Amino acid sequence: MQSHGRELATGQLRLRPANVNDAAGIRAVHEAAFGRADEANLVKALQDSGSIRISLVAMQSKDIVGHILFSKMEAPFPALGLGPVAVLPREQRRGIGSKLILEGLQRAMKEGWKGVFVVGEPRFYERFGFSIRQASGFGCTYSGPFFMVKALSELPTSTGSVEYAAAFREFE
């Protein structure tokens with residue numbers, strides 16, 4: 001898994017880059033959060049393909065309670081796709097997912113990525129600056145009312161074709 005750098009501590013919650021020893025814990029979080037193995041299998045496929053650019057875990061004590069990843073996208077500018085993101089059901093609605101998203105976006109900006117795309121619930125993702133309107137000029141398999149982009153700097157274009165990593169196609 002990629003993403004090197006500092007560890008962020010927030011109270012008893014710690015955010016840190018994921019590493020190879022975290023694979024079982026990450027899988028367990030995704031399976032518990034989604035109630036199925038699809039997202040956990042997607043994380044593994046993205047890892048195996050080398051598509052992951054940022055992967056963070058949320059830790060409480062020695063337990064992984066949340067995970068987020070950002071994978072490289074084909075786009076007319078350097079762009080990442082956010083997802084999946086998961087938090088253990090017993091830890092949901094405590095801001096852990098939001099902290100993972102904010103930390104991931106901050107790291108993406110520092111690494112020089114121009115934008116981040118996501119497919120998700122607009123009411124949730126708009127609070128982080130994601131925009132359906134701004135994404136409407138980009139053609140993608142997932143274009144529609146749940147497809148959004150967040151500009152991390154001035155986007156060089158507002159149109160073009162974007163595509164998530166090939167591993168996503170295995171799970172459509």
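The model is a predicted one. Its largest pocket has a volume of about 910 Å³, and β5 supplies the largest share of the lining, six residues.

**The largest pocket**

- The lining of the largest pocket is made up of 31 residues, and those nearest the centre are Phe34, Pro84, Val85, Ala86 and Tyr125.
- Sorted by class, that lining has 18 nonpolar residues, eight charged ones and five polar ones.
- Six elements each give at least two residues to the lining of the largest pocket: α1 (23-34), α2 (38-49), β5, α3, β6 (115-119) and α4 (122-125).

**Strand β5**

- Pro84 sits in strand β5, and the peptide bond leading from Gly83 to Pro84 is cis, with omega near 0°.
- Pro84 is also among the lining residues that lie nearest the centre of the largest pocket.
- Val87 is placed in strand β5 too.
- Val87 has a relative accessible area of 8%, so it is buried, the cut-off being under 20%.
- Setting aside neighbours within four places in sequence, Val87 is in contact with Val29, Ala33, Val65, Gly66, Gln92, Ile96 and Gly97.
- Val87 and Ala58 are 29 residues apart along the chain, and their C-alpha atoms are separated by 8.4 Å.

- The side chain of Glu91 makes a polar contact, at 3.4 Å, with the side chain of Arg90.
- Beyond neighbours within four places in sequence, Glu91 is in contact with Gln60, Val65 and Ile96.
- Phi of Arg93 is near 65°, which is a positive value in a residue other than glycine.

**Helix α3**

- The 15 residues of α3 should span 21 Å at 1.5 Å a residue, and the end C-alpha atoms are 21 Å apart, so expectation and model agree.
- Ile96, Gly97, Ser98, Leu100, Ile101, Glu103, Gly104, Leu105, Arg107 and Ala108 are the buried residues of α3.
- One of these buried residues, Ile96, is in contact with Glu91 and with Val87.
- Following α3 comes Gly112, with a positive phi near 90°.

**Helix α2**

- The buried residues of α2 are Glu39, Ala40, Leu42, Val43, Ala45 and Leu46.
- The cover over these buried residues of α2 includes α1, β3 (52-60), β4 (63-72) and β5.
- After α2 comes Gly50, whose phi is positive and near 75°.

**The loop between β3 and β4**

- Ser61 lies in the loop between β3 and β4.
- With a relative accessibility of 63%, Ser61 is above the 50% cut-off and therefore counts as exposed.
- Phi of Ser61 is near 55°, a positive value in a residue that is not glycine.

**Val118 in strand β6**

- Val118 is located in strand β6, one of the elements that supply at least two residues to the lining of the largest pocket.
- Because its relative accessibility is 1%, Val118 counts as buried.
- Leaving out residues up to four places away in sequence, Val118 touches Leu82, Tyr125, Phe130, Phe146, Phe147, Met148 and Tyr164.
- One of those partners, Tyr125, is also among the residues lying nearest the centre of the largest pocket.
- Val118 and Ala37 are 81 residues apart in sequence, and the distance between them is 20 Å, C-alpha to C-alpha.

Key:
Residues numbered from 1 in each chain as written. Predicted model: local features only at pLDDT ≥ 70, side-chain atom pairs only at ≥ 80, totals over all residues. Heavy atoms only, no water. Polar contact = N/O pair within 3.5 Å; in protein donor to acceptor, adjacent residues only side chain to side chain. Contact = heavy atoms within 4.5 Å. 1 Å grid on protein atoms, 1.4 Å probe; cavity = no way out; pocket = protein on both sides within 12 Å on 5 of 7 lines; lining within 4 Å. Points joined across faces, edges and corners; volume = space filled by probe spheres on them. Helix = DSSP H or I, 4+ residues; strand = E, 2+ residues; numbered from the N terminus. Nonpolar A, V, L, I, M, F, W, Y, C, P; charged D, E, K, R; others polar. Expected span 1.5 Å × (residues − 1). Buried < 20%, exposed > 50% of the residue type's maximum accessible area, 1.4 Å probe, protein only.
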